[in-house]
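Please examine the sequence and the three-dimensional structure shown below.

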Amino acid sequence: EEAWLEFALEDTDSSARLGRQDFEDYREWLYDQELDGLRLFLRHDKLELVLAAARDRAVQMDLLDEDDEGEFDLLQSMLVYQPHEKRQHAIYVIRQNGRNGETANPFWFGLRSYGKLNESFKHWLEVSMLRGDDDGTSLRGSAIDAGLTWLIDAPYKPNLTLGFAQGSGDNKPDDGTDHNFRQTGMQDNDDRFAGVTSFRYYGEVLDPELSNIRILTLGAGFRPSRKSSVDLVWHHYRQVEASDQMRDIALDDPNGLSRDLGQALDLVLGYREIKNLKMELMLGWFFPGDAYAPRDDPAFFLGSEIRLKF
């Protein structure tokens with residue numbers, strides 16, 4: 001999955017990394033994928049400029065796989081300011097060439113902020129604008145994802161989270177412009193609020209891409225012990241524009257007659273008390289709204305992971 005060399009640049013804190021490497025960002029909102037290429041990390045005091053030129057599967061490692069679909073080039077420039085060890089702010093430009101069967105060439109302008117504001121609150125903020133073209137269609141979308149977690153000073157470390165996310169939508173892109181926001185296609189949308197276990201923060205069952213959708217999130221959690229946690233998370237989903245197509249959801253597309261996609265409830269359990277042992281359990285329920293047929297039943301998800309290192 002990874003094979004790279006990193007070189008320190010002489011007399012500086014900067015470095016260069018060449019090879020197959022993991023592109024993973026905070027909350028995995030932009031990407032979580034191994035890419036082949038070069039990255040420069042130019043550091044000075046509390047600033048870091050990250051420049052990247054990479055390709056998806058420039059070197060084919062699966063010799064039995066002759067499918068080359070999905071290959072694309074990626075160019076990135078991200079300026080990170082870290083005023084505090086547990087807080088960061090950044091602005092970025094990301095360009096893809098050849099995404100979606102070589103027809104799409106999108107690029108994103110964005111700013112982000114995340115981390116602890118003080119001992120009681122932590123936050124995240126993503127604001128992004130999409131431009132470019134896809135097979136002759138202009139891309140003009142926008143997205144915002146913001147949230148706040150209250151870390152309550154009490155036994156068992158209870159916490160409350162409020163989040164809001166929206167990706168622009170357009171059900172009639174007949175003027176040569178598509179206003180549906182799209183993420184990079186490399187995202188996992190996976191993070192944790194204040195527990196020990198990360199999870200799909202847009203919902204374990206629906207697991208949508210932030211495109212033509214509005215998501216309200218409420219979460220509550222606590223820690224039964226120092227390295228275990230329980231999180232209960234509720235989501236309400238609504239389309240920005242009623243449409244019978246969604247870019248990437250785990251369930252069937254809606255009917256396009258209503259914007260009400262439904263609600264979801266997730267229960268996430270994590271356990272880390274035993275050294276080198278990681279245990280997770282995720283349960284999710286999705287309750288369809290008017291955008292689905294009245295006869296559609298709720299959907300259920302169960303996932304677990306046990307990992308032992310030795």
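The following points are grouped by topic. The model is predicted.

**The nonpolar surface patch**

- A nonpolar patch on the surface is formed by Leu47, Leu79, Tyr81, Ile91, Leu111, Val127, Ile144, Leu162, Phe164, Leu216 and Leu218, which together have about 880 Å² of accessible area.
- Three strands, β5 (73–84), β10 (159–167) and β14 (213–225), each provide at least two residues of this patch.
- One of the patch residues, Leu162, belongs to strand β10 and is partly exposed, its relative accessible area being 48%.

- The covered face of β10 holds Asn159, Thr161, Gly163, Ala165 and Gly167, whereas Leu160, Leu162, Phe164 and Gln166 make up its uncovered face.
- Strand β9 (residues 137–151) runs antiparallel to β10 and is joined to it by 9 bridges; Gly147 is placed opposite Gly163 of β10.
- β10 also pairs with β14 in the antiparallel sense, over 9 bridges, and here Gln166 is found opposite Arg214 of β14.

**Strand β5 and its neighbours**

- Strand β4 (residues 47–55) and β5 run antiparallel and are joined by 9 bridges, with Arg55 opposite Asp73 of β5.
- The pairing of β5 with strand β6 (residues 87–97) is likewise antiparallel and comprises 10 bridges.
- Val80 has Ala90, in β6, as its bridge partner.
- A hairpin is formed by β5 and β6, with 2 residues between them.

**A buried aspartate without a salt bridge**

- Asp231 is located in strand β15 (residues 228–238).
- Although Asp231 is buried, it has no salt bridge, and the nearest side chain of opposite charge, that of Arg223, is 7.6 Å away.
- A salt bridge requires a nitrogen and a carboxyl oxygen within 4 Å of each other.
- Leaving aside residues up to four places away in sequence, Asp231 touches Asn159, Gly195, Phe199, Ala220, Gly221, Asp266, Leu267 and Val268.

**Two asparagines with positive phi**

- Most residues other than glycine have a negative phi.
- Asn189 has a positive phi of about 50°; this residue is found in the loop between β11 (177–178) and β12 (190–191) and is buried, at a relative accessible area of 3%.
- Asn212 also has a positive phi, near 50°; its place is the loop between β13 (199–200) and β14, and Asn212 is buried with a relative accessible area of 3%.

**Salt bridges**

- The structure contains 15 salt bridges.
- Glu119 and Lys116 form a salt bridge with an N to O distance of 3.7 Å; Glu119 is exposed, with a relative accessible area of 65%, and Lys116 is partly exposed at 23%.
- Lys278 and Glu280 are joined by a salt bridge in which the closest N and O atoms lie 3.5 Å apart; Lys278 is partly exposed at 22% relative accessibility, while Glu280 is buried at 10%.
- The salt bridge between Arg307 and Glu305 has an N to O distance of 2.7 Å; Arg307 is partly exposed at 41% relative accessibility, and Glu305 is partly exposed at 26%.

Conventions. Residues are numbered from 1 along each chain as its sequence is written. This is a predicted model: local features need pLDDT of at least 70, side-chain atom pairs count only at pLDDT 80 or more; totals for chains, interfaces and linings use all residues. Side-chain values use heavy atoms; hydrogens and water are left out. Patches are made of residues with over 30% relative accessible area and no salt bridge: like charges are joined within 9 Å, nonpolar side chains (Val, Leu, Ile, Met, Phe, Trp, Tyr) within 5 Å. Accessible areas come from the Shrake-Rupley method with a 1.4 Å probe; for residues, only the protein chains shown count as cover. Helices (H or I, at least four residues) and strands (E, at least two) are DSSP runs, numbered from the N terminus. Buried means under 20% relative accessible area, exposed over 50%, partly exposed in between (1.4 Å probe, protein chains only). Lys and Arg count as positive and Asp and Glu as negative; His and the chain ends are not counted. Contact means heavy atoms within 4.5 Å. Two strands pair if DSSP finds at least two bridges between them.
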